[in-house]
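Student: Please pick one side chain in this model and take me through its surroundings, then show me how other side chains pair up.

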Amino acid sequence: MNSNIIIALTTATLLSSTNVSANEFSRYQKLTTMFLENENKCLEGNRVAPGSTLDGAAFMDRCQNVSGQSWKLIPVSDGYFKLTTQFLESENMCLEGNKFDPSSTLKGAAFMDTCQNVTGQLWKKIPAENGYFKLTTKFLENENKCLEGNKVAPSSTLGGAAFMDDCQSVSGQLWKFK
């Protein structure tokens, strides 16, 4: 079989199993939640370091033309993909979903880490209503955990960092590309 046909069939199989279009893999795009969409907030990938916003956790910030809010999906296999930002792609950094626990990195906030073959960096889209989707990781999908976008505020969970929580039909877990 011609190698171009094999590549096309492999890509088609991957796309159908991830609920992700070829266009979503080929460009950078912003991620927002139903919860904060009307406030024009987008998910921002951050460098884990002292002095970084929320110590480096991913967080929702005013949508801007900044590389930390420009996300790209990297196809993996079996319906999974990795997420990187234009800001940290050259440093080979990917978004990692984390167990919400005081002993976890950043107490359970999602964060950018060196891209690896770890289950916390293998993301999957779960279709939801009205063009939205939920995001889960291979690490926590069997525990029914989904990524939740949060409002940055002292009274918010983890100060407003994005985090993995029980999958629910709540607006902070309903994502879309912007």
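Tutor: Let's start with a term: a polar contact is a pair of N or O atoms within 3.5 Å; within protein, one must be able to donate a hydrogen and the other to accept it, and residues adjacent in sequence count only if both atoms are side-chain atoms. Keep in mind that the model is predicted, so local features need pLDDT of at least 70, side-chain atom pairs count only at pLDDT 80 or more, and totals for chains, interfaces and linings use all residues. Residues are numbered from 1 along each chain as its sequence is written, and side-chain values use heavy atoms, with hydrogens and water left out.

Our pick is glutamine 121. Look for it in the loop between β7 (111–114) and β8 (123–127) (helices, H or I, of at least four residues and strands, E, of at least two are DSSP runs, numbered from the N terminus). Glutamine 121 has a relative accessible area of 0%, so it is buried (buried means under 20%, exposed over 50%, partly exposed in between, with a 1.4 Å probe and protein chains only). Its side chain has a polar contact with the side chain of glutamate 96 at 3.0 Å. The side chain of glutamine 121 also comes to 2.9 Å from the backbone nitrogen of glutamine 116. If you skip neighbours within four places in sequence, the residues in contact with glutamine 121 include Phe81, Lys82, Cys94, Leu95 and Asp113 (contact means heavy atoms within 4.5 Å).

Now zoom out. The protein has three helices and 12 strands, and 46% of its 178 residues are buried. Of the contacts with a separation of 6 or more, 57% are between residues 24 or more positions apart.

Next come the rings, and there are two aromatic pairs (rings of Phe, Tyr and Trp, its six-membered ring, pair if their centres lie within 6.5 Å; planes under 30 degrees apart count as stacked, over 60 as edge-to-face and the rest as tilted). Phenylalanine 100 and phenylalanine 163 make a tilted pair, 5.6 Å centre to centre with 40° between the planes. That pair links distant parts of the chain, 63 residues apart: phenylalanine 100 is in the loop between β6 (93–96) and β7, and phenylalanine 163 is in strand β11 (residues 163–166). Phenylalanine 100 is partly exposed at 46% relative accessibility, while phenylalanine 163 is buried at 5%. Phenylalanine 133 and phenylalanine 177 have ring centres 5.2 Å apart and planes at 40°, so they are tilted too. They sit 44 residues apart, in strand β9 (residues 133–137) and strand β12 (residues 175–177) respectively, and both are buried.

Charged side chains can pair as well, and here you get seven salt bridges (a side-chain nitrogen of Lys or Arg within 4 Å of a carboxyl oxygen of Asp or Glu). One of them joins glutamate 37 to lysine 176, at 2.5 Å from N to O. Glutamate 37 is in helix α3 (residues 34–37) and lysine 176 is in strand β12, so this bridge ties together parts 139 residues apart in sequence. Lysine 176 is partly exposed, with 25% relative accessibility. Another salt bridge is between lysine 145 and aspartate 166, whose closest N and O atoms are 2.5 Å apart. Since lysine 145 lies in strand β10 (residues 145–148) and aspartate 166 in strand β11, the two tie together parts 21 residues apart in sequence. Aspartate 166 is partly exposed, at 37%.
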